[in-house]
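Open the model in your viewer and keep the selection panel at hand. The tour goes from a pocket to a core, then to a helix.

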Amino acid sequence: MSDEKTCACKHKHTPRSEELQHDVQKRLNRIIGQLNGVKTMIDDNRYCGDVLMQLAAAESATRRVSEMLLHEHLETCVVEEIRAGNDEVVEEAMDLIRRFL
């Protein structure tokens with residue numbers, strides 16, 4: 001038996017556009033920078049209100065990336081699955097939407 005672990009994750013059939021890919025990567029890098037800044041603020045014993053403001057900004061940025069990817073998911077993955085006859089994907093999409101409400 002092999003010790004290799006296999007990924008159980010799914011892959012998109014339709015690639016994301018280069019524009020979306022670039023935009024998401026840029027936003028994620030900015031979020032990572034914000035969170036690293038928050039970590040530094042904690043290490044520096046900065047004022048709680050300032051730390052919370054930075055966390056709120058990171059949360060907002062993360063939510064925007066989630067919205068972008070949910071929109072992409074609905075326009076591509078969900079549409080493709082429905083066209084292929086997989087109506088069960090609608091319930092998966094509804095679960096994802098509920099998570100972000």
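Lining residues are those with an atom within 4 Å of a point of the pocket. Keep that cut-off in mind for the first stop. Note also that this is a predicted model.

**Stop 1: the largest pocket.** Select K10, K12, H73, C77 and E92. Of the 19 lining residues, these lie nearest the centre of the largest pocket. The space inside is about 460 Å³.

Now colour α2 (48-83) and α3 (89-99). Each supplies at least two residues of the lining. Which helix gives the largest share of the lining? α2 does, with eight residues. Next, colour the lining by class.

**Stop 2: the largest nonpolar core.** Select L20, V24, I31, V65 and M68. These five residues make up the largest nonpolar core. Both α1 and α2 supply at least two residues of this core. The largest share, three residues, comes from α1. In soluble globular proteins, nonpolar side chains tend to be buried together.

Stay on L20 and show its contacts. Beyond its neighbours within four places in sequence, L20 touches M68 and E72. M68 is itself one of the core residues.

**Stop 3: along α1.** Select residues 18-43, helix α1, and pick out H22 within it. Is H22 buried or exposed? H22 counts as exposed because its relative accessible area is 56%, and the cut-off for exposed is over 50%.

Terms used. Residues numbered from 1 in each chain as written. Predicted model: local features only at pLDDT ≥ 70, side-chain atom pairs only at ≥ 80, totals over all residues. Heavy atoms only, no water. 1 Å grid on protein atoms, 1.4 Å probe; cavity = no way out; pocket = protein on both sides within 12 Å on 5 of 7 lines; lining within 4 Å. Points joined across faces, edges and corners; volume = space filled by probe spheres on them. Helix = DSSP H or I, 4+ residues; strand = E, 2+ residues; numbered from the N terminus. Buried < 20%, exposed > 50% of the residue type's maximum accessible area, 1.4 Å probe, protein only. Core = buried A, V, L, I, M, F, W, Y, C linked by side-chain atoms within 4.5 Å. Contact = heavy atoms within 4.5 Å.
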